[in-house]
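This briefing goes through one protein model topic by topic. Please look at the sequence and the structure below before reading on.

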Amino acid sequence: MSVRSGGVAPRNANLAATPARAIPPPVSELIPAAELPAFQTQLLGWFAEAKRDLDWRRTRDAYRVWISEIMLQQTRVAAVLPYYQRFLARFPTLDALARARLDAVLRSWAGLGYYSRARNLHRAAKEIVARHAGEFPRRIEEALALPGIGHYTAAAVLSIAYGEPHAVLDGNVARVLARLGAIRGDLRRPKRWRELAAAANALLPAQAASAAGPPSSPGDWNQAMMELGATLCTPRGPQCAVCPVSRWCRAHALGIALRLPAPRPKPKPVRLALSAAVLLDPRGRTLLLRQKGQHSSLFSSLWHFPAIQSARPAPEKLSRYLQSAFGITAALEPLPPARHTVTFRRILLAPFLVRVAKLPAVTSPTHGFPPPTLHAPASRARALQAPRAPRSGDVRTPPLAKIERLPISSATKKIAAAALAALNALPRRRQRASLSF
Ligand code: SF4
């Protein structure tokens, strides 16, 4: 496919021979073959000098590289660092992760978000122990067959840990490639993404070819491309003046680096309210649920307070749910609301304190609860889920002040914090009275 360069005159001497409206080379040949060794040497030399000193760069151990790559998906480096260290202190080997209970893994993940990553890590660790004698597989087909491992992760782990020649393609690398080739349009269209993957592979140095330049491996190369995208060729502030490969960059030559890649259309935000009941017995214990499909995306399928979703805070509906599912008729005391965001959903957390003499004993799924009437446009109503009655295995009754011992999402933490703040704001005598009913 040809990519039109646009009508801006080139600034760069290397690209000056290219007429502004000429058809640039195919995406898979962003750098002319004759200049490829110089391009590779330049980028690898810069990476050797400028790379950030990150924990996961001090190892070639496939398990550690894998953990870092999964944690870094959709998460900033600074946020990952403490989790990476704590996770590996808790699960120092792949075997230790495979033997751990899922709840313990989720607890170590709590706060990082996107909990399916932790569930898949755990499942994949068990598969690696069962099918690959505890060693992360070297063949890309076998790596791709593991839960939670796509082309990017497989290429990153295999290249960094084993030196296998697979180029990575993530958002950072795609942005660098798009700018190098002045590629316009939506990079995530499947055909364009496949072309970018081919381009990334075409740039990958053969290991023997690096003899003249800095020592390198496919892993070094992949990290150099990602580092360039993360530190210099950033989405809103490309630092072309200090970029090691600016002389090969068409977007820089055309003065359009800031306009590439084209922004992706964002999904419209969906606003909803989550009314949650913080049950509290005289001993300070509360009730948490964990049910498949029950607000699973909002609470990441972790332990959460009984809750209903609706367009606006709905204490009456929550009250009916508590009565129907648990036989609770106690009054709901409103607590300060909190804001929460999950991808495109803007959620108003509306917690209510519900003091009960005794927490309900949930023994069977026989309590029926009709789906709530949703006062929302049809498209939004699809995002709202009806609660279902809990089963006994779905319920825990920990002390409210210690629910973080269970895997819980940040939404649940915010709700618990609102309840604890309200209780702590009471004078001591009233606190005792409020717990004794
Ligand atoms: S010259 Fe600028 S736009 Fe081109 S790769 Fe370097 S930082 Fe990115």
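Which residue just after H8 takes a positive phi? Gly 163 does, with a phi of about 70°. The model is predicted: local features are reported only at pLDDT of at least 70 and side-chain atom pairs only at pLDDT 80 or more, while totals for chains, interfaces and linings use all residues. Residue numbers start from 1 along each chain as its sequence is written.

**Overall make-up**

- The protein chain has 16 helices and seven strands. Helices (H or I, at least four residues) and strands (E, at least two) are DSSP runs, numbered from the N terminus.
- Of the 437 residues in the protein chain, 38% are buried. A residue counts as buried if 20 or more other C-beta atoms lie within 10 Å of its own, as exposed if 12 or fewer do, and as partly exposed in between, with C-beta atoms placed from the backbone.
- Two residues are in contact if their C-beta atoms, placed from the backbone, lie within 7 Å. Among contacts between residues at least 6 apart in sequence, 70% join residues at least 24 apart.

**Confidence**

- The mean pLDDT of the protein chain is 84, and 80% of its residues reach 70 or more. pLDDT is the predictor's confidence in each residue, from 0 to 100.
- Where pLDDT is low, the predicted coordinates should not be read in detail.

**Helix H8**

- H8 covers residues 151–162, which is 12 residues. From its first C-alpha to its last it reaches 16 Å, close to the 16 Å expected at 1.5 Å a residue. The expected span is 1.5 Å times one less than the number of residues.
- The buried residues of H8 include Thr 153, Val 157, Leu 158 and Ile 160.
- Helix H2 (62–72), helix H7 (140–144) and helix H11 (218–231) are among the elements that cover these buried residues.

**Around the ligand**

- The ligand is surrounded by 15 residues, of which the closest are Cys 233, Cys 240, Cys 243, Cys 249 and Ala 257. A residue is near a molecule if its C-beta atom, placed from the backbone, lies within 6 Å of it.
- Helix H9 (171–180) and helix H12 (250–254) each supply at least two residues of this shell. H9 gives the most, with three residues.
- By class, the shell has 11 nonpolar, three polar and one charged residues. Ala, Val, Leu, Ile, Met, Phe, Trp, Tyr, Cys and Pro count as nonpolar, Asp, Glu, Lys and Arg as charged, and the others, Gly among them, as polar.
- Gly 171 is in helix H9. Gly 171 is partly exposed, with 16 other C-beta atoms within 10 Å.
- Gly 171 and Ala 230 are 59 residues apart along the chain, and their C-alpha atoms are separated by 9.6 Å.

**Strands**

- Strand S1 (residues 270–280) and S3 run antiparallel and are joined by four bridges. Two strands pair if DSSP finds at least two bridges between them.
- Ser 275 has Ile 308 in S3 as its bridge partner.
- Strand S3 (residues 307–310) is covered on both faces. Ala 307 and Gln 309 are buried on one side, and Ile 308 and Ser 310 are buried on the other.
- Strand S5 (residues 338–342) runs antiparallel to strand S6 (residues 345–355), with five bridges between them. Arg 339 stands opposite Leu 348 in S6.

**Backbone exceptions**

- Most residues other than glycine have a negative phi, and most peptide bonds are trans.
- Thr 343 is not a glycine, yet has a positive phi of about 45°. Thr 343 sits in the hairpin of S5 and S6, which has two residues between the strands. With 11 C-beta neighbours inside 10 Å, Thr 343 counts as exposed.
- Tyr 114 also has a positive phi of about 45° although it is not a glycine. Tyr 114 is in the loop between helix H5 (102–109) and helix H6 (116–131). Tyr 114 is partly exposed, with 15 other C-beta atoms within 10 Å.
- The peptide bond from Leu 260 to Pro 261 is cis, with omega near -5°. Pro 261 lies in the loop between H12 and S1.
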